[in-house]
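Hi,

Here is the structure I promised to pass on. Have a look at it first, and then read on for what turned up.

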Amino acid sequence: MESGAVAKLELEYRQGLVYQLTMSHRLPAVEVAEVSRRYGRCLMCGARLKAATSVQRMIGPVCWRRVS
């Protein structure tokens with residue numbers, strides 16, 4: 001977390017759940033960019049970003065190759 005504390009998180013995989021998402025589940029682009037930069041995570045897959053270029057564009061190199 002931002003404060004440096006560690007939060008325990010449990011995730012449950014549900015096959016096909018992504019197809020049930022609607023437009024109301026989307027975050028505004030500004031919020032997504034803020035989270036990506038704050039935590040240094042790829043917008044596409046959530047991988048940790050290390051290179052300055054990846055952090056700047058908010059997408060890691062693997063995902064960048066997929067979308068470009």
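The side chains of Arg38 and Glu34 come together in a salt bridge, with N and O 2.8 Å apart. Keep in mind that this is a predicted model. Both residues sit in helix H1, which covers residues 29-39, and they are four residues apart, or about one turn of the helix. How exposed are they? Arg38 has a relative accessibility of 41%, so it counts as partly exposed. Glu34 is also at 41% and therefore counts as partly exposed too.

The count comes to two salt bridges, so you'll want to see the other one, by the rule that a Lys or Arg side-chain nitrogen lies within 4 Å of an Asp or Glu carboxyl oxygen. Here Glu12 pairs with Arg14, and their closest N and O atoms are 3.1 Å apart. Glu12 and Arg14 are both exposed.

Next, have a look at the surface. Leu43, Met44, Trp64 and Val67 make up a nonpolar patch there, and together they have about 360 Å² of accessible area. One of them, Met44, is found in the loop between H1 and helix H2 (52-57).

Helix H2 itself holds Ser54. Is Ser54 buried or exposed? Its relative accessible area is 5%, so Ser54 is buried. And what is Ser54 in contact with, leaving aside its neighbours within four places in sequence? The answer is Leu49, Ile59, Gly60 and Pro61.

Cheers

Key
Residues are numbered from 1 along each chain as its sequence is written. This is a predicted model: local features need pLDDT of at least 70, side-chain atom pairs count only at pLDDT 80 or more; totals for chains, interfaces and linings use all residues. Side-chain values use heavy atoms; hydrogens and water are left out. Buried means under 20% relative accessible area, exposed over 50%, partly exposed in between (1.4 Å probe, protein chains only). Helices (H or I, at least four residues) and strands (E, at least two) are DSSP runs, numbered from the N terminus. Patches are made of residues with over 30% relative accessible area and no salt bridge: like charges are joined within 9 Å, nonpolar side chains (Val, Leu, Ile, Met, Phe, Trp, Tyr) within 5 Å. Accessible areas come from the Shrake-Rupley method with a 1.4 Å probe; for residues, only the protein chains shown count as cover. Contact means heavy atoms within 4.5 Å.
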